[in-house]
Amino acid sequence: MLIRRVSGKSMTPALRPGRLILARRNIGKHLKVGDIVIIRHDGLEKIKRIALLRDDEIYVLGDNSQASTDSRHFGWLPLSAVYALVVWPRR
Amino acid sequence: MSLLTKLSQRLIKPVHAHCDLPCGVYDPAQARIEAQSVLEIMKKYPNLDHEEDRWRAVFIKEQRADLVKQHLWVLWTDYFKPEHLEKHPDLHDLIWRATKQAGTCKKTVDAAEGQKLLDLIDEVAAVFTATKQA
(Lines give C-alpha, C1' and ligand atoms only; values in the text may rest on other atoms or scores of the structure.)
Protein backbone atom coordinates (compact mmCIF):
# COMPACT_ATOMS: atom_id res chain seq x y z
CA MET A 1 0.00 0.00 0.00
CA LEU A 2 1.24 3.48 -0.88
CA ILE A 3 0.36 6.80 0.63
CA ARG A 4 0.64 9.85 -1.59
CA ARG A 5 -0.24 13.52 -1.52
CA VAL A 6 -2.10 15.04 -4.48
CA SER A 7 -0.30 17.93 -6.08
CA GLY A 8 -2.13 20.00 -8.67
CA LYS A 9 -5.73 20.57 -9.69
CA SER A 10 -6.36 18.19 -12.56
CA MET A 11 -8.39 15.78 -10.40
CA THR A 12 -10.64 18.31 -8.72
CA PRO A 13 -13.26 18.18 -7.36
CA ALA A 14 -12.81 14.47 -6.50
CA LEU A 15 -9.22 14.95 -5.31
CA ARG A 16 -8.21 18.40 -4.25
CA PRO A 17 -4.60 19.54 -4.06
CA GLY A 18 -2.99 18.46 -0.80
CA ARG A 19 -5.29 15.57 0.03
CA LEU A 20 -3.81 12.24 0.92
CA ILE A 21 -4.65 9.06 -0.90
CA LEU A 22 -4.01 5.37 -0.50
CA ALA A 23 -3.08 3.22 -3.45
CA ARG A 24 -2.45 -0.49 -3.94
CA ARG A 25 0.57 -1.69 -5.90
CA ASN A 26 -0.93 -5.11 -6.54
CA ILE A 27 -3.37 -4.17 -9.26
CA GLY A 28 -4.23 -7.60 -10.57
CA LYS A 29 -6.39 -7.71 -13.66
CA HIS A 30 -9.21 -5.73 -12.21
CA LEU A 31 -8.72 -2.29 -13.74
CA LYS A 32 -11.93 -0.79 -15.00
CA VAL A 33 -13.15 2.43 -16.52
CA GLY A 34 -13.62 4.99 -13.78
CA ASP A 35 -10.75 3.76 -11.61
CA ILE A 36 -8.27 6.35 -10.41
CA VAL A 37 -4.72 5.20 -11.02
CA ILE A 38 -1.21 6.38 -10.42
CA ILE A 39 0.73 6.15 -13.63
CA ARG A 40 4.42 6.52 -14.20
CA HIS A 41 4.95 8.86 -17.07
CA ASP A 42 7.80 11.17 -18.04
CA GLY A 43 9.63 10.31 -14.85
CA LEU A 44 6.75 11.40 -12.63
CA GLU A 45 4.00 9.67 -10.75
CA LYS A 46 0.79 11.16 -12.08
CA ILE A 47 -2.76 10.60 -10.95
CA LYS A 48 -5.58 10.29 -13.48
CA ARG A 49 -8.82 8.46 -14.07
CA ILE A 50 -9.21 5.64 -16.59
CA ALA A 51 -11.55 6.78 -19.35
CA LEU A 52 -11.08 3.93 -21.83
CA LEU A 53 -9.61 0.47 -21.68
CA ARG A 54 -8.53 -1.88 -24.43
CA ASP A 55 -6.50 -5.08 -24.46
CA ASP A 56 -3.28 -3.81 -22.99
CA GLU A 57 -3.65 -0.07 -23.08
CA ILE A 58 -5.47 2.61 -21.13
CA TYR A 59 -6.61 6.10 -21.92
CA VAL A 60 -6.54 8.38 -18.89
CA LEU A 61 -8.10 11.76 -18.25
CA GLY A 62 -8.05 14.27 -15.42
CA ASP A 63 -11.49 14.98 -13.97
CA ASN A 64 -10.87 18.69 -14.38
CA SER A 65 -10.33 18.72 -18.10
CA GLN A 66 -9.56 22.44 -18.23
CA ALA A 67 -6.55 21.93 -15.99
CA SER A 68 -5.29 18.53 -16.99
CA THR A 69 -2.58 17.19 -19.22
CA ASP A 70 -3.52 13.60 -19.97
CA SER A 71 -4.10 11.09 -22.77
CA ARG A 72 -5.56 13.83 -24.91
CA HIS A 73 -1.97 15.08 -25.07
CA PHE A 74 0.20 12.01 -24.56
CA GLY A 75 -2.09 9.35 -25.99
CA TRP A 76 -2.79 5.78 -24.91
CA LEU A 77 -0.49 4.27 -22.31
CA PRO A 78 0.53 0.65 -21.94
CA LEU A 79 -0.98 -1.10 -18.92
CA SER A 80 2.55 -1.37 -17.60
CA ALA A 81 2.49 2.41 -17.04
CA VAL A 82 -0.02 1.87 -14.23
CA TYR A 83 1.94 1.96 -11.01
CA ALA A 84 -0.85 1.70 -8.48
CA LEU A 85 -4.61 1.68 -8.13
CA VAL A 86 -6.12 4.27 -5.82
CA VAL A 87 -8.26 2.54 -3.20
CA TRP A 88 -9.06 5.48 -0.99
CA PRO A 89 -10.95 7.62 -1.60
CA ARG A 90 -12.99 5.11 -3.53
CA ARG A 91 -14.23 7.47 -6.20
CA MET B 1 -0.59 25.62 7.77
CA SER B 2 -1.32 22.82 10.18
CA LEU B 3 1.41 20.61 11.57
CA LEU B 4 -0.17 17.63 9.86
CA THR B 5 -0.11 19.36 6.48
CA LYS B 6 3.52 20.37 6.97
CA LEU B 7 4.45 16.84 7.97
CA SER B 8 2.61 15.35 5.03
CA GLN B 9 4.41 17.71 2.66
CA ARG B 10 7.75 16.64 4.09
CA LEU B 11 7.18 12.93 4.31
CA ILE B 12 4.64 11.92 1.72
CA LYS B 13 5.60 11.76 -1.89
CA PRO B 14 3.39 13.76 -4.25
CA VAL B 15 1.44 12.34 -7.16
CA HIS B 16 1.03 14.87 -9.90
CA ALA B 17 -2.39 15.99 -10.94
CA HIS B 18 -0.92 18.74 -13.01
CA CYS B 19 -1.63 20.57 -16.13
CA ASP B 20 1.46 21.39 -18.17
CA LEU B 21 -0.32 24.58 -19.06
CA PRO B 22 -0.29 27.52 -18.52
CA CYS B 23 2.74 27.57 -20.74
CA GLY B 24 4.22 30.59 -19.01
CA VAL B 25 4.90 32.38 -22.27
CA TYR B 26 3.79 35.99 -22.06
CA ASP B 27 4.72 38.91 -24.22
CA PRO B 28 3.09 42.31 -24.76
CA ALA B 29 4.30 42.02 -28.36
CA GLN B 30 1.10 40.07 -29.09
CA ALA B 31 -1.06 43.03 -28.10
CA ARG B 32 1.25 45.41 -29.94
CA ILE B 33 1.05 43.55 -33.24
CA GLU B 34 -2.75 43.66 -33.15
CA ALA B 35 -2.68 47.35 -32.24
CA GLN B 36 -0.37 48.03 -35.17
CA SER B 37 -2.97 46.41 -37.44
CA VAL B 38 -5.62 48.66 -35.94
CA LEU B 39 -3.52 51.75 -36.60
CA GLU B 40 -2.59 50.77 -40.15
CA ILE B 41 -6.20 50.04 -41.02
CA MET B 42 -7.17 53.47 -39.71
CA LYS B 43 -4.51 55.06 -41.91
CA LYS B 44 -5.67 53.16 -45.00
CA TYR B 45 -9.36 53.69 -44.42
CA PRO B 46 -9.70 57.18 -46.01
CA ASN B 47 -8.03 55.93 -49.18
CA LEU B 48 -10.31 52.95 -49.73
CA ASP B 49 -12.49 53.57 -52.74
CA HIS B 50 -15.03 50.83 -52.47
CA GLU B 51 -17.67 50.65 -49.82
CA GLU B 52 -17.07 46.90 -49.46
CA ASP B 53 -13.43 47.52 -48.65
CA ARG B 54 -14.35 50.08 -46.03
CA TRP B 55 -16.82 47.69 -44.44
CA ARG B 56 -14.20 45.02 -44.37
CA ALA B 57 -11.60 47.37 -42.91
CA VAL B 58 -13.92 48.38 -40.08
CA PHE B 59 -14.82 44.77 -39.39
CA ILE B 60 -11.19 43.65 -39.20
CA LYS B 61 -10.20 46.68 -37.16
CA GLU B 62 -12.82 45.80 -34.56
CA GLN B 63 -11.63 42.21 -34.42
CA ARG B 64 -8.02 43.31 -33.92
CA ALA B 65 -8.97 45.82 -31.26
CA ASP B 66 -10.79 43.03 -29.45
CA LEU B 67 -7.67 40.86 -29.64
CA VAL B 68 -5.69 43.71 -28.09
CA LYS B 69 -8.06 43.62 -25.13
CA GLN B 70 -7.77 39.86 -24.88
CA HIS B 71 -3.95 39.90 -24.88
CA LEU B 72 -3.81 42.70 -22.31
CA TRP B 73 -6.27 40.87 -20.05
CA VAL B 74 -4.15 37.73 -20.19
CA LEU B 75 -1.09 39.71 -19.13
CA TRP B 76 -3.09 41.42 -16.42
CA THR B 77 -4.77 38.38 -14.92
CA ASP B 78 -2.17 35.66 -15.60
CA TYR B 79 1.25 37.26 -15.83
CA PHE B 80 1.32 40.20 -13.44
CA LYS B 81 1.66 39.28 -9.78
CA PRO B 82 1.00 41.23 -6.56
CA GLU B 83 4.72 41.99 -6.21
CA HIS B 84 4.69 43.64 -9.65
CA LEU B 85 1.80 45.79 -8.54
CA GLU B 86 3.74 46.87 -5.47
CA LYS B 87 6.52 48.21 -7.65
CA HIS B 88 4.18 49.60 -10.31
CA PRO B 89 1.13 50.84 -8.41
CA ASP B 90 -0.33 52.44 -11.54
CA LEU B 91 -0.53 49.06 -13.32
CA HIS B 92 -4.29 48.51 -12.82
CA ASP B 93 -5.02 52.01 -14.06
CA LEU B 94 -2.68 51.59 -17.01
CA ILE B 95 -4.31 48.31 -18.14
CA TRP B 96 -7.71 49.89 -17.64
CA ARG B 97 -6.77 52.87 -19.81
CA ALA B 98 -5.18 50.66 -22.47
CA THR B 99 -8.18 48.32 -22.75
CA LYS B 100 -10.52 51.34 -22.72
CA GLN B 101 -8.48 52.80 -25.55
CA ALA B 102 -8.87 49.54 -27.48
CA GLY B 103 -12.62 50.03 -27.06
CA THR B 104 -12.32 53.61 -28.33
CA CYS B 105 -10.46 52.33 -31.40
CA LYS B 106 -13.43 50.14 -32.27
CA LYS B 107 -15.62 53.21 -32.51
CA THR B 108 -13.44 55.39 -34.69
CA VAL B 109 -11.13 55.39 -37.69
CA ASP B 110 -9.12 58.32 -36.30
CA ALA B 111 -5.47 57.24 -36.52
CA ALA B 112 -4.58 59.48 -33.58
CA GLU B 113 -6.64 57.16 -31.35
CA GLY B 114 -4.81 54.15 -32.80
CA GLN B 115 -1.49 55.78 -31.98
CA LYS B 116 -2.65 56.42 -28.39
CA LEU B 117 -3.41 52.71 -28.11
CA LEU B 118 0.09 51.79 -29.27
CA ASP B 119 1.63 54.26 -26.83
CA LEU B 120 -0.34 52.76 -23.94
CA ILE B 121 0.72 49.24 -24.92
CA ASP B 122 4.32 50.47 -24.96
CA GLU B 123 3.81 51.66 -21.38
CA VAL B 124 2.53 48.20 -20.43
CA ALA B 125 5.50 46.67 -22.23
CA ALA B 126 7.87 48.90 -20.24
CA VAL B 127 6.39 47.61 -16.97
CA PHE B 128 6.58 44.06 -18.32
CA THR B 129 10.27 44.48 -19.22
CA ALA B 130 10.98 45.97 -15.80
CA THR B 131 9.45 42.93 -14.09
CA LYS B 132 11.59 40.62 -16.21
CA GLN B 133 14.77 42.45 -15.21
CA ALA B 134 13.86 42.54 -11.53
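This is a predicted model: local features need pLDDT of at least 70, side-chain atom pairs count only at pLDDT 80 or more; totals for chains, interfaces and linings use all residues.
Chain A holds 1 helix and 7 strands. Read from the N terminus, the order of its elements is β-β-β-β-β-α-β-β. The chain has 91 residues, and buried residues make up 51% of them.

Next come the charged pairs. Side chains of opposite charge can pair when their charged atoms come close. Over all chains, the whole structure contains 13 salt bridges. In one of them, A:Glu45 pairs with B:Lys13, and the closest N and O atoms are 3.1 Å apart. This pair crosses between chains: A:Glu45 belongs to strand S4 (residues 44-54) of chain A, while B:Lys13 sits in the loop between helix H1 (3-11) and strand S1 (14-16) of chain B. A:Glu45 counts as buried because its relative accessibility is 4%, under the 20% cut-off. B:Lys13, at 41% relative accessibility, counts as partly exposed. Both residues belong to a network of salt bridges that also links A:Arg4 and A:Arg40.

Other salt bridges stay within one chain. A:Glu57 pairs with A:Arg54, with 2.8 Å between the closest N and O atoms. A:Glu57 is partly exposed at a relative accessible area of 23%, and A:Arg54 is partly exposed at 43%. In chain B, B:Asp93 forms a salt bridge with B:Arg97, the closest N and O atoms being 2.9 Å apart. Both lie in helix H5 of chain B, 4 residues apart, which is about one turn of the helix. B:Asp93 has a relative accessible area of 38% and is partly exposed; B:Arg97, at 33%, is partly exposed too.

Helix H5 (residues 91-107) of chain B also contains B:Gly103. With a relative accessible area of 15%, B:Gly103 is buried. B:Glu62 is 41 residues away from B:Gly103 in sequence, yet their C-alpha atoms are 8.6 Å apart in space.

The largest pocket has a volume of about 190 Å³. Its lining consists of 10 residues, and A:Lys32, A:Asp35, A:Leu85, A:Val86 and A:Arg90 lie nearest the centre. Strand S7 (residues 82-88) of chain A supplies the largest share of this lining, 3 residues. By type, the lining divides into 5 charged, 4 nonpolar and 1 polar.

On the surface, A:Met1, A:Ile3, A:Leu22 and A:Trp88 form a nonpolar patch with about 420 Å² of accessible area together. One of these residues, A:Ile3, lies in strand S1 (residues 2-7) of chain A and is partly exposed, with a relative accessible area of 40%.

Note on methods: Residues are numbered from 1 along each chain as its sequence is written. Chains are lettered from A and ligands numbered from 1 in the order in which they are written. Side-chain values use heavy atoms; hydrogens and water are left out. On a 1 Å grid over the protein atoms alone, a cavity is a set of points where a 1.4 Å probe fits but cannot get out, and a pocket is an open set with protein on both sides within 12 Å along at least five of seven lines; lining residues have an atom within 4 Å of a point. Grid points are joined across faces, edges and corners, and a volume is the space filled by probe spheres set on the points. Helices (H or I, at least four residues) and strands (E, at least two) are DSSP runs, numbered from the N terminus. Ala, Val, Leu, Ile, Met, Phe, Trp, Tyr, Cys and Pro count as nonpolar, Asp, Glu, Lys and Arg as charged, and the others, Gly among them, as polar. Patches are made of residues with over 30% relative accessible area and no salt bridge: like charges are joined within 9 Å, nonpolar side chains (Val, Leu, Ile, Met, Phe, Trp, Tyr) within 5 Å. Accessible areas come from the Shrake-Rupley method with a 1.4 Å probe; for residues, only the protein chains shown count as cover. A salt bridge is a side-chain nitrogen of Lys or Arg within 4 Å of a carboxyl oxygen of Asp or Glu. Buried means under 20% relative accessible area, exposed over 50%, partly exposed in between (1.4 Å probe, protein chains only).
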